Amino acid sequence: MKKLIIITILLLIATAVVTVAYFKHLNPPGQRATQVINTIPPSAALIFEFNNDDSFYDIYQKSSLFSAVTGKNKMAQLHALRQSVLGNNLLKPFFSDQNIFVSIHPQRDDSLAFLITISTTTELGNNVIAQAVHQPNVKLKAVKFGKKAGYALKTDSLDSDFYLANKGSGIWLGSFSKDLVEESLKYAANEQTSQFVLLPDQQNATSLGTLYVNYKQVGPLLNQLYKGENVDFWKGLPMLPATATLSLNYKSDALMFNGFTTFKSAQHISYVDIFRKMAPVAMDLKNLFPSTTAYGCSYATPDVKLFKKLLNSWQHKAGLEADKSSLFKKIKNETGVQFNKEFDNLLDNEFAVITTRFQEKLAIIKVKNGTALRPYLNNISTLTPDEESGQLNYNQVFLFLLGDALTPFRRPYFIILDNYLVLANSSHDLANFKQNYLNNEFLNNSADYVAFNNLLAQRCNVSYFVHFKNAGYVFKRTLKSPYAKAYQQQPGLKDYYAASYQLSASENQYYTNLCFKLNTPDSVSLSR
């Protein structure tokens, strides 16, 4: 019996040794994903990861969801590349079931470039590539990327060269930008740790796709798109010392991503950062967005005192405390009103800043008692003849009261409608909103908006919203010409009804939801 036990123990030990030795020579999926994503230069603002599987391409080609994001030309390019490289009969076994990473990089010449990064199952030799692309409609030539060799691929269906190179360790990369390929080849990173938090292996295996967001590079990306700084809408978001890892959830009429925004630094360098210290809140002000809304952002807190404490700390670190104290001291001396104290006592849990299709900027602030707030505002303002509204006599009052989101309103006009304080930069803009309010002309009256809103998280702390049709009028004036034209293309972003990016505080991080919903087909389209 003892002999049988000893033999059994020895067999178990031998099995364990063989198992460990075997797995040491494998690249587990998660470890391989880390290795591949770490080869992508940190200039990437967005990275989309998906599996090189026929089922994904079937969805990609048949659905207008993806073509509306990438545009018709990019769709054609990606399809041509798949046929020439990934779908080539000789090359297909090397890339089968490998994850592909498509990253977007801002370039120096006011352009954006795509980089495709993928690993091979086994080492891919130059002779195999040359043999694979030896076709009448394909041209392949050797090129140099600094000291490293690579290829330039051209087909009848591509209007420019596509550059390919071997990064090493079975990782290949390609781009229509030669400079970006060179940048990637030169870049060296720690292969064991990633700046992104990767999905667990099991979740990654079942996910249709994963979107990675590098917030620090979102700013440079946006600067490529706009003629000037577009700080009013994206205020604070590109400054977050964080990255996001979001899983794709597919619906026939919507792209939805969800996951976590993970902070890499304890340093608070963004106004948006202070809201992750709070619990998520059910937002209501979106119900007051006028039917002309192009885009906007809502902010919510479950505890006004906590919000004011965190805001005061943020403004102190930003060096604003002296100016803030001086302003409210001046108001007290000149009017007898300690306005900041009275306002804080009446402030409710939510405020929003929106831009309409006519580029009207509005702030809507929820208050506990509009009637009680009115006399304090009257004391620090010059009233209009009807005495229903007025203009503040002091600069940047609401910047100090509510933070960076209110920067556009230096000496705003105001009106109180029930328990909502509304700010605008002209009396005309204020009158327009009043008409919307009295006539109930809000986005939430449309069936499209209701269907879109049903896809969103109903509780969050910071929520960005874009209505694509209305925003088109603003983008036409604010985007650089190539991007304004691209926005008008079809298929394109105009095919979407709206998009939302929501941040909900969770254990000092942000649970994050991104949603794009297509327009509902009209009766004319349905009858064709």
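## Two packed helices

In this predicted model, helix α14 passes helix α15 in a left-handed crossing, a crossing being left-handed if the near helix is turned anticlockwise from the far one by less than a right angle, and right-handed if clockwise. Helix α14 covers residues 339-346 and helix α15 residues 370-379, and the two pack at an angle of about 160° with their axes 10 Å apart; axes here are lines fitted to C-alpha atoms, for helices over the stretch in contact, and angles run from 0 to 180 degrees between N-to-C directions. The two helices are therefore roughly antiparallel to each other, given that angles under 35 degrees count as roughly parallel, over 145 as roughly antiparallel, 65 to 115 as roughly perpendicular and the rest as oblique. On the α14 side, F339, E342, F343 and L346 meet A372, L373, Y376 and L377 of α15, where contact means heavy atoms within 4.5 Å.

## Basis of the model and overall make-up

Residues are numbered from 1 along each chain as its sequence is written. Since the model is predicted, local features need pLDDT of at least 70 and side-chain atom pairs count only at pLDDT 80 or more, while totals for chains, interfaces and linings use all residues, and side-chain values use heavy atoms, with hydrogens and water left out.

The secondary structure of the protein chain comes to 21 helices and 22 strands, which are DSSP runs numbered from the N terminus (helices H or I, at least four residues; strands E, at least two). Of the 528 residues in the protein chain, 50% are buried, meaning under 20% relative accessible area, with exposed over 50% and partly exposed in between (1.4 Å probe, protein chains only). Among contacts in the protein chain with a separation of 6 or more, 67% are between residues 24 or more positions apart.

## Nonpolar cores

The largest nonpolar core holds 100 residues, of which F398 and L421 touch the most other members; such a core is a set of buried Ala, Val, Leu, Ile, Met, Phe, Trp, Tyr and Cys residues joined through side-chain atoms within 4.5 Å. Leaving aside residues up to four places away in sequence, F398 touches F343, I365, L377, L392, G403, L406, P412, L421 and L423. A second, separate core of 25 residues includes L285, L288, I415 and V422.

## Antiparallel strands

Strand β9 (residues 242-251) is mostly covered, with seven of its 10 residues buried. It pairs with strand β8 (residues 210-214) in the antiparallel sense over five bridges, pairing requiring that DSSP find at least two bridges between two strands, and T245 in β9 is the bridge partner of Y212. Strand β9 is also joined to strand β10 (residues 254-263) by 10 bridges, again antiparallel, and these two strands form a hairpin with two residues between them; T262 in β10 is the bridge partner of T243.

Strand β10 runs antiparallel to β22, with eight bridges between them, and F516 in β22 is the bridge partner of L255. Strand β22 is mostly covered, eight of its 10 residues being buried, and 10 bridges join this strand to β21 in an antiparallel arrangement, with Y501 standing opposite L514 in β22.

## Loop residues with positive phi

In the hairpin of β21 and β22, which has two residues between the strands, E507 takes a positive phi near 50°. N508, in the loop between β21 (496-506) and β22 (509-518), has a phi near 65°, a positive value in a residue other than glycine, and is partly exposed at 35% relative accessibility.

E387 lies in the loop between β15 (381-383) and β16 (389-392). Although E387 is not a glycine, its phi is positive at about 60°, and E387 is exposed, with a relative accessible area of 55%.
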